[in-house]
Amino acid sequence: MTTKEKVLSALTSLKNDEFFSGEELASDCSVSRTAIWKAIRSLQEEGYKIEAVTNRGYRILSKPDNLDSSEISQKIKSAHQCDLKVFVFKSIDSTNSEAKRRAIEAGAFRDENGTLTQGGKAANLSLFVAESQTGGKGRLGRTFLSPKDTGVYFSLLYSPENGIKNPALYTAAASLAVVRAISKLYGEEAQIKWVNDVFLAEKKVSGILVEGIANFETGNIDAAIVGIGINIKQNKNLSGDIAKIVGSIEEAKLSQNKTFTPRTKNELVSEVVSNLLNFYDNFGKNDEKSINEMICEYRSKSMLAGRTVTVNPVAGTKGTSYQAKVKDVDEEMRLVVECPDGEIKKLNSGEVSLHSYDFTPVSPHM
């Protein structure tokens with residue numbers, strides 16, 4: 001153990017109101033008082049709040065909100081009885097990209113009988129979590145800002161026994177998993193902007209990107225990579241139009257004159273993933289009752305119902321933008337809209353796009 005690690009271990013072993021003197025620490029670590037002072041400074045730079053009192057010594061007042069793979073896996077195991085493999089990164093290009101790299105290493109996920117291969121076993125139920133991303137991305141190649149100290153970013157690599165039959169359900173479940181976690185941990189009722197953005201106080205606080213791993217021999221989607229980014233604290237570097245669209249859980253609470261009580265990143269990640277696995281288990285069991293309940297819950301959380309939206313064709317497809325009024329979300333997670341001429345259309349997320357600034361608030365007279 002390094003001197004810093006020894007000092008941290010000693011200070012975290014203290015009970016309330018106890019201190020460790022610099023002399024005791026130096027003796028226990030077999031180093032000089034100067035080395036202890038340097039270790040304390042290094043811990044403070046990492047985010048530990050350490051109190052120093054003359055003639056008493058040092059004690060930790062608070063710890064930084066660091067991601068911990070063991071804590072996340074234990075929380076999920078206790079809630080879901082699932083042995084999840086958790087990989088934590090301080091910074092990475094993209095957790096989805098890392099999941100893809102692991103998927104490529106795995107090769108074929110399942111054999112002709114649907115049984116996980118050795119590579120599949122190694123990759124399945126892997127969770128990649130990062131403090132920040134340098135190349136975070138959203139749907140249709142959009143950038144997802146992922147700075148340090150403002151949010152948490154993670155991707156689940158998941159391979160169900162019979163493959164992915166309805167990708168739209170997996171995406172919808174991911175957004176609901178986030179909504180439920182925000183409600184439980186922060187006491188706020190978030191809403192979903194079809195198909196997978198989560199909003200609080202009319203601002204986007206979470207983005208989701210679900211990508212499939214295809215098996216070209218069978219034509220199945222063997223696995224899903226479910227990428228989720230959640231903005232917890234305010235990003236004070238945002239400006240211009242993006243600042244009007246992107247928010248955080250903290251900002252939403254403060255905008256309503258509510259107290260923001262922080263929860264650890266480990267708690268938030270664990271809660272979202274536990275919710276997600278519950279949904280996905282029901283898909284695997286073809287539990288129609290649970291699936292229908294999930295769809296109803298998704299509809300109830302839709303922020304677009306009754307609003308007029310601007311529908312944009314996805315790049316590379318034909319068509320022009322037009323306005324329509326949102327009526328519903330159907331069982332296949334398509335957005336049902338009514339055009340000005342009365343025509344009803346069912347929109348697929350792969351064919352159209354709704355930007356966060358392309359909808360208008362509900363009129364009280366609608």
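Glu251 is partly exposed, with a relative accessible area of 22%, where buried denotes under 20%, exposed over 50% and partly exposed the range in between (1.4 Å probe, protein chains only). The side chain of Glu251 meets that of Lys203 in a salt bridge with an N to O distance of 2.8 Å, a salt bridge being a side-chain nitrogen of Lys or Arg within 4 Å of a carboxyl oxygen of Asp or Glu. Because Lys203 lies in strand S8 and Glu251 in helix H9 (residues 249–255), the pair ties together parts that are 48 residues apart in sequence; helices (H or I, at least four residues) and strands (E, at least two) are DSSP runs numbered from the N terminus. The model is predicted, so that local features need pLDDT of at least 70 and side-chain atom pairs count only at pLDDT 80 or more, whereas totals for chains, interfaces and linings use all residues. Residues are numbered from 1 along each chain as its sequence is written, and side-chain values use heavy atoms, with hydrogens and water left out.

Asp93, Glu98, Arg101 and Arg102 are linked in a network of salt bridges.

Strand S8 belongs to an open sheet of 7 strands with mixed pairing, in the order S3-S4-S5-S9-S8-S7-S6, two strands being paired if DSSP finds at least two bridges between them. Strands S3 (85–92) and S6 (191–193) stand at the edges with a single partner strand each, so one side of each is left without a neighbour in the sheet. Strands S4 (residues 126–133) and S5 (residues 151–158) run antiparallel and are joined by 5 bridges, and the partner of Ala130 in S5 is Tyr153. Helix H7 (residues 167–186) packs on the sheet, touching S5, S6, S7, S8 and S9, with contact taken as heavy atoms within 4.5 Å.

The axes of helix H1 (residues 3–12) and helix H3 (residues 33–45) come within 9 Å and cross at roughly 75°, the axes being lines fitted to C-alpha atoms, for helices over the stretch in contact, and the angles running from 0 to 180 degrees between N-to-C directions.
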